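Hi everyone, thanks for making time this morning. I'd like to walk you through one structure, so please have a look at the sequence and the model before I start.

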Amino acid sequence: YLMRSGWSPLIYFHRGIAQRYVEPLRGKQVLVAKGSFNPLTLAHTALLASAVAAAQTQNTLSQQEAKPKAVFELALHNADKGTVAEQSLRHRLQMLATQNYPVLLTLTPTLLSTKVLFQHALARQVDFVCGSDLYERVLLPKYYIHTGGRDKALAELFDHQTQLWVASRSIETYPSLAPPLSESSAHPYTDHVHHLPALLPISASAVRQAIITKDASWTQWVLPEVAHYIKQQGLFDEDHEPTDHSHS
């Protein structure tokens, strides 16, 4: 309600406590993990921690700054699926509140629109952490038909030395959206893209599927607090009352 009513273009949460003004981002190199987190998994937090460690070795990091400000970003709008339902959003924020990284709730569905938003919040640099599926979407021309084309959008996205930290993902868990780019067709910003090994190759969709099939191993793939919340709310379990799990 606060976002949709124009109270703020983004809301900063830490451990579930919200604040309107985002002073923690001012002047910082911000490392944004963008996703749907439905549910939050240990792979999400491990990837962000791995990207923070890797970013510290890059020349783009200021000598005066020990490490980037790492945050999770959950957007109210999805470029493919529309607006996240309120009940689903509430569940995701509750699960994200179980971990220590700050969470930013925004209205920006794309990496570029998120970057512009964070720049308006006076972040010094905006870098991103994402899965292979989101990275592939960044390269698909169909998302730029009404915004001047892919080349223009990529130039703006990678301006100011923006870096992308991308988690490798097995094709068995998530088929590619498009054929791999050949060297000749690769975009000119490949040196801004860093592929990280998937230390925990468990996707949120795999967790949901395990719950549906009564595979109890899913509890090992999430924080204990998240597992407790999922069980308490009956999320993703077809034996419970239907819960809105759209926009996964």
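Let me begin with a term: contact here means heavy atoms within 4.5 Å. With that in hand, take His192, which touches Phe158, Gln161, Thr162, Gln163 and Leu164, not counting residues up to four places away in sequence.

Two housekeeping sentences before we go on. This is a predicted model, where local features need pLDDT of at least 70 and side-chain atom pairs count only at pLDDT 80 or more, while totals for chains, interfaces and linings use all residues. Residues are numbered from 1 along each chain as its sequence is written, and side-chain values use heavy atoms, with hydrogens and water left out.

Now the overview. The protein chain has 7 helices and 10 strands; these are DSSP runs numbered from the N terminus, with helices being H or I of at least four residues and strands E of at least two. Of the 248 residues in the chain, 44% are buried. Buried means under 20% relative accessible area, exposed means over 50%, and partly exposed is in between, with a 1.4 Å probe and protein chains only. Among contacts between residues at least 6 apart in sequence, 76% join residues at least 24 apart.

Back to His192 for a moment. It sits in the loop between S9 and S10, and it is buried, at a relative accessible area of 9%. Gln161 is partly exposed at 45% relative accessibility, and its phi is near 60 degrees, a positive value in a residue other than glycine.

Next, the inside of the protein. As a general point, nonpolar side chains in soluble globular proteins tend to be buried together. By nonpolar core I mean a set of buried Ala, Val, Leu, Ile, Met, Phe, Trp, Tyr and Cys residues joined through side-chain atoms within 4.5 Å. Which residues have the most contacts inside the largest core? They are Phe72, Val129, Trp165, Trp218 and Ile230, in a core of 36 residues. Helix H1, residues 42–55, gives the most to this core, with 6 residues. Apart from it lies another core, of 28 residues, including Val22, Val32, Ala123 and Leu157.

Let's follow Ile230. Leaving aside neighbours within four places in sequence, Ile230 is in contact with Pro39, Met95, Ile211, Trp218, Leu235 and Phe236. Pro39 deserves a stop: the peptide bond from Asn38 to Pro39 is cis, with omega near 10 degrees. Pro39 is in the loop between strand S3 (29–34) and H1. Its C-alpha atom is 9.5 Å from that of Ala227, although the two residues are 188 apart along the chain. Ala227 itself is in helix H7, residues 224–233, and counts as buried at 7% relative accessibility. With neighbours up to four places away set aside, Ala227 is in contact with Trp218, Thr219 and Val222.

Phe37 is also in the loop between S3 and H1. It is buried at 4% relative accessible area, and its phi is near 50 degrees, positive in a residue other than glycine.

That brings me to aromatic pairs, of which the structure holds 3. Rings of Phe, Tyr and Trp (its six-membered ring) pair if their centres lie within 6.5 Å; planes under 30 degrees apart count as stacked, over 60 as edge-to-face and the rest as tilted. The rings of Phe72 and Tyr101 have centres 5.8 Å apart and planes at 90 degrees, so this pair is edge-to-face. Phe72 lies in strand S4 (residues 69–75) and Tyr101 in the loop between helix H2 (86–96) and strand S7 (103–106), so the pair ties together parts 29 residues apart in sequence. Phe72 is buried at 0%, whereas Tyr101 is partly exposed at 23%. Ring pairs link Phe37, Phe72 and Tyr101 into a cluster.

Phe158 is in the loop between H5 and strand S9 (164–167), and Tyr189 in the loop between S9 and strand S10 (193–196), 31 residues apart. Phe158 is buried, with a relative accessible area of 3%.
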